[in-house]
Amino acid sequence: MQIDKYKIDEFNQQHAQEHKRRYEFAASTQQNVAGILQKLVDFQIGIPSWALGTGGTRFGRFSGSGEPRSLEEKIEDVGLLHALNQSSGAISLHIPWDIPNDYKATKALAAQHGLKFDAVNSNTFQDQPDQKLSYKFGSMQHVDKAVRRQAVEHNIEVIRHGVELGSDSLTVWLSDGSSFPGQLNFRGAFENTLESLQEVYAALPDDWKVFVEYKAFEPNFYSMTVGDWGQSLLYANKLGPKAYTLVDLGHHLPNANIEQIVSLLLMEGKLGGFHFNDSKYGDDDLTTGSIKPYQLFLIFNSLVDGMDARGMNHATSLAWMIDASHNVKDPLEDLLQSVEAIMIAYAQALLVDQQALKEAQQENDVVRCQEILQEAYRTDVRPIVAEARLQSGAALRPLQLFRELKVRENLINERGLKTVATGL
Ligand SMILES: [Mn+2]
């Protein structure tokens, strides 16, 4: 299914008057709205190929309908999202769940939908049917050099796929660790992992980056070999200038101050990528902004402040991606909600009067500091975000149009009621 441009225009026309009224009010209360609009138009969020089907938990999976059956259909799904919001202009592939058969055709299809290929993701956290050695006791940390070698070779293969598609970064998330005290030697596990990552690093093309993603716990419950941002930063620093830390919002221990982590990583020039989601307890992979929207805003405030301090381009300096799982919602509707929440938090962060905040901090005026942040947070920026969409040719209200056009019903007609997205 493809969404014809005239349907978006027609929809926008119907809602034009109401939007104009709301937008003019919002714009009248802000300075430099044009600058904010341009930043919002430029900001693109990568959609992971594994989030287009229904996810599951270890207790079960309740399949959705009309899920994409192939890489081509996954690209088509991201194309639908991008047509609706013009903010989802990239797809992040997971190997081996999404190995392209024909690079040229895959690239052409993505280009047709206005999509680029974001970071490619390797997988050494599960065994594949044709795999020689098992990752049961880790991959890059494994005590057996042959297993480590296999994991390294897999990552190099992922880079090769990425090069063919025009991607320029590799995300490595390792499930390596231990479930019981004494199971492994922490130092030995770190050194093995570092050596393996160094071999992958050596295979990176000149203009590529590698992102080292960390996670506090799960699937290992005693130790994780890349367990927090400190360990990730340690690897990234030892690897070299092409290695960065990747922050996944759900990969922290409860109540971790993620906005502080982001701020310091940016200060060190070592924040490379971002995985958006939301959580109440752990790696819940819920819709971004559904549980802790204020935290999301505070993180964006750190991002904007930190990127501006280094003169970084907001849209292109970091790899922005969603990493979520959808157990009870339609994956596409969930992704539309996530992108909307990200744009709102970003827009609010752009409203923060950073100069006034710095002055209030110098004066230790704690009350004013809070007022400045919450002034931005409590501003309804939705009309500004909608105006940015309007200017880039997207729908004023993507989710409403998705439903009015009966996109899921159309996909079910095309693909069938009982389809399962590859990989999950
Ligand atoms: Mn992630």
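Modeller: A residue counts as buried if 20 or more other C-beta atoms lie within 10 Å of its own, as exposed if 12 or fewer do, and as partly exposed in between, with C-beta atoms placed from the backbone. Helices (H or I, at least four residues) and strands (E, at least two) are DSSP runs, numbered from the N terminus. The model is predicted: local features need pLDDT of at least 70, side-chain atom pairs count only at pLDDT 80 or more, and totals for chains, interfaces and linings use all residues. Residues are numbered from 1 along each chain as its sequence is written.

The strand is β9, residues 243-248; 6 of its 6 residues are buried, so β9 is largely enclosed by the rest of the structure. In a regular strand the side chains alternate between the two faces of the sheet. From β9, A243, T245 and V247 point one way, while Y244, L246 and D248 point the other way, and all are buried.

Strands pair if DSSP finds at least two bridges between them. Strand β7 (residues 209-213) runs parallel to β9 and is joined to it by 4 bridges; T245 of β9 is the bridge partner of V212. Strand β10 (residues 271-276) is also parallel to β9, again with 4 bridges, and here V247 has F274 as its bridge partner. Together with helix α9 (residues 258-267), β9 and β10 form a right-handed β-α-β unit, where right-handed means that, with the strands pointing away from the viewer, the path from the first strand over the helix to the second runs clockwise.

Next, the domains, whose bounds come from an automatic or database domain assignment. The chain is divided into domain 1 (1-92 + 100-113 + 254-272 + 282-424) and domain 2 (119-220 + 234-248). Their C-alpha centres lie 28 Å apart. The contact between them, counted where C-beta atoms placed from the backbone lie within 7 Å, takes 17 residues from domain 1 and 17 residues from domain 2. On the side of domain 1 that touches domain 2, the elements giving two or more residues are α5 (103-112), α9, β10 and β11 (319-322). Helix α9 gives the most to this side, with 4 residues.

Methods: Two residues are in contact if their C-beta atoms, placed from the backbone, lie within 7 Å.
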